[in-house]
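Q: Can you walk me through this one? I have the files open.

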Amino acid sequence: MKIADLDRLKIHYTDEGDPEGAPIVFANSLGTDLRLWDKLVPLLPAGLRIIRYDKRGHGLTEGTPAPYSMGTLISDVEALLDHLKVKDALFVGLSIGGMIGQGLAVKRLDLVRALVISNSAAKMGTAEMWHDRIAKCRAEGVASIAAPTMERWFGKKFRATPELAAWQNMLARQELEGYTGCCAAIAGTDFYTPTSGLRLPCLGIAGTEDGASPPDLVRETVDLVPGSRLELIRGAGHLPCVEKPEEYARILSDFIKETGHVQ
Ligand SMILES: O=C(O)CC1=CCC(=O)O1
């Protein structure tokens with residue numbers, strides 16, 4: 001187990017693959033931890049240094065009282081990458097992870113040389129929607145929203161598999177402060193203006209059955225970055241790296257090669 005004992009936070013992370021390789025950093029979605037990428041990582045091209053981490057109040061990373069700001073979540077990963085002496089990473093952020101990626105690229109382009117905005121957008125939902133979710137979780141617990149959330153996270157076919165229960169458990173066991181803290185960060189985020197100033201290789205990934213960030217929402221953000229493109233994963237919901245890891249790996253590997261991140 002690796003813990004970065006930073007002044008600001010103790011962050012749980014993994015650092016796998018080739019230590020001298022081109023770095024790729026994965027940022028997880030709301031209510032998930034770095035196991036989100038377990039099926040994908042073995043399918044990636046050789047020669048990469050693969051870094052995953054648990055954001056504040058998620059997985060094995062330290063929790064702090066809610067609410068959080070997006071700026072705090074961005075500074076957390078910035079501090080982790082500085083600590084690990086990582087520069088010029090290909091940053092893959094899913095959902096809130098994609099928001100963190102946009103913000104990090106705006107703030108520290110030396111850390112991010114290419115960006116994957118997976119199932120994410122410059123702005124997701126309305127502040128009112130997020131505050132309603134925070135209120136429900138505070139009143140009834142995160143477990144109370146776990147079952148309906150599965151309809152956004154996964155397509156119909158995957159929801160009929162035994163694996164669904166494991167992901168539902170992950171969310172139901174999610175710590176309240178971390179979850180509501182990140183909901184507040186999303187509620188306060190509108191990156192349309194900063195993201196439209198980004199100039200770097202950028203790929204969007206969307207699932208056709210994604211109930212949280214439908215393809216048109218992802219497209220709207222990806223289109224802000226000149227030269228970017230969107231790849232659709234048919235039949236997948238909000239977490240296509242779990243549901244369709246082979247397809248996700250093919251799309252990501254093509255982008256990795258296209259950007260010259262590995263030969
Ligand atoms: O759980 C959801 O509603 C999906 C989601 C929204 C932001 C995020 O990171 O996941």
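Q: What should I know about the model?
A: This is a predicted model: local features need pLDDT of at least 70, side-chain atom pairs count only at pLDDT 80 or more, and totals for chains, interfaces and linings use all residues. Residues are numbered from 1 along each chain as its sequence is written, and side-chain values use heavy atoms, with hydrogens and water left out.

Q: Where is D54?
A: In the loop between strand 4 (48-53) and helix 1 (70-83). Helices (H or I, at least four residues) and strands (E, at least two) are DSSP runs, numbered from the N terminus.

Q: Which backbone nitrogen lies 2.8 Å from a polar atom of the D54 side chain?
A: That of L34.

Q: And what does the side chain of H12 do?
A: It makes a polar contact with the side chain of D54, at 2.8 Å. That term means N or O atoms within 3.5 Å; within protein, one must be able to donate a hydrogen and the other to accept it, and residues adjacent in sequence count only if both atoms are side-chain atoms.

Q: Where does H12 lie?
A: In strand 2 (residues 10-17). H12 is buried, at 9% relative accessible area.

Key:
Buried means under 20% relative accessible area, exposed over 50%, partly exposed in between (1.4 Å probe, protein chains only).
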